[in-house]
Amino acid sequence: MILRDMTEADLDAVLAIERVVHAHPWTLGNFSDALRSGYLCKVFETEAGELIGYALMMLAVDEAELLDIAIASSQQRKGMGKQLLHEMLALARRKEMRRMVLEVRASNAPALALYRSAGFSDIGLRRDYYPAHSGREDAILMGRGL
Ligand SMILES: CC(C)(COP(=O)(O)OP(=O)(O)OC[C@H]1O[C@@H](n2cnc3c(N)ncnc32)[C@H](O)[C@@H]1OP(=O)(O)O)[C@@H](O)C(=O)NCCC(=O)NCCS
């Protein structure tokens with residue numbers, strides 16, 4: 001697998017994944033803004049050039065915030081998400097960040113399990129933070145040292 005910078009040219013492939021894997025997907029505008037804002041936006045692709053995942057991270061002083069991470073549904077449960085998360089942890093460390101934080105929907109069992117298995121623990125709860133199909137949903141804040 002190859003990790004490289006995301007560019008505008010990747011956004012069709014990124015959105016094709018995003019719209020399938022997330023009930024409340026980011027829009028083209030969200031991704032374009034993230035690229036323009038200088039966030040660390042990476043894609044994960046096979047040697048043959050097939051884009052199978054991506055992750056976006058924002059750096060602030062000594063803290064990295066993971067904004068999104070996704071693996072194409074056909075490629076899930078093969079260890080790719082864990083590998084990509086570890087690449088982002090290593091990247092944050094190289095940028096001299098001391099901590100990584102993230103927010104996740106309370107119902108997102110796969111992501112919660114991934115983060116826990118990668119050493120993240122719960123650091124807070126934002127009640128009714130996300131819009132959900134019926135009403136609102138809590139956000140769990142997680143973090144780990146680097
Ligand atoms: C979360 C996500 C990135 C995991 O990617 P993945 O490649 O399937 O994950 P991996 O195969 O590397 O699995 C790593 C660990 O995550 C957990 N996990 C992953 N999918 C899971 C599932 N469906 N149910 C329970 N645990 C799961 C397991 O602990 C797994 O370890 P194990 O296989 O040794 O049991 C992927 O499910 C995804 O893209 N989801 C949609 C986007 C999303 O919700 N992103 C997080 C936003 S906060």
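Biologist: How many residues lie between strand 2 and strand 3 in their hairpin, and what is the phi of G49?

Modeller: Five residues lie between the two strands. G49 sits in the turn, with a positive phi of about 90°. This is a predicted model: local features need pLDDT of at least 70, side-chain atom pairs count only at pLDDT 80 or more, and totals for chains, interfaces and linings use all residues. Numbering starts from 1 along each chain as its sequence is written.

Biologist: Why are residues 40-45 and residues 51-60 called strands?

Modeller: Strands are DSSP runs of E with at least two residues, and helices are runs of H or I with at least four; both are numbered from the N terminus. Residues 40-45 are strand 2 and residues 51-60 are strand 3.

Biologist: How do you know that strand 2 and strand 3 pair?

Modeller: Two strands pair if DSSP finds at least two bridges between them. Six bridges join strand 2 to strand 3, so the two pair. They run antiparallel. C41 stands opposite L56, L40 opposite M57 and E45 opposite L51.

Biologist: How many bridges join strand 1 to strand 2?

Modeller: Four, and these strands also run antiparallel. D5 has K42 of strand 2 as its bridge partner.

Biologist: In what sense do strand 3 and strand 4 pair?

Modeller: In the antiparallel sense, over eight bridges. A55 stands opposite I69 in strand 4. Their hairpin has two residues between the strands, and V61 takes a positive phi near 55°.

Biologist: Why is one side of strand 1 and of strand 6 left without a neighbour in the sheet?

Modeller: The open sheet has seven strands in the order 1-2-3-4-5-7-6, with mixed pairing. Strand 1 (2-5) and strand 6 (121-131) stand at the edges, each with a single partner strand, so one side of each has no neighbour in the sheet. Neighbouring strands are turned by 25° against each other on average, direction ignored.

Biologist: Which strands does helix 3 touch?

Modeller: Helix 3 touches strands 1, 2, 3, 4 and 5 (99-105). Its direction makes about 155° with that of strand 4. Axes are lines fitted to C-alpha atoms, for helices over the stretch in contact, and angles run from 0 to 180 degrees between N-to-C directions. Helix 4 packs on the sheet too, touching strand 5 and strand 7 (136-145).

Biologist: How do you know that A55 is in contact with M88?

Modeller: Contact requires C-beta atoms, placed from the backbone, within 7 Å. Leaving aside neighbours within four places in sequence, A55 has such contacts with K42, L66, D68, I69, L84 and M88.

Methods: Contact = placed C-beta atoms within 7 Å.
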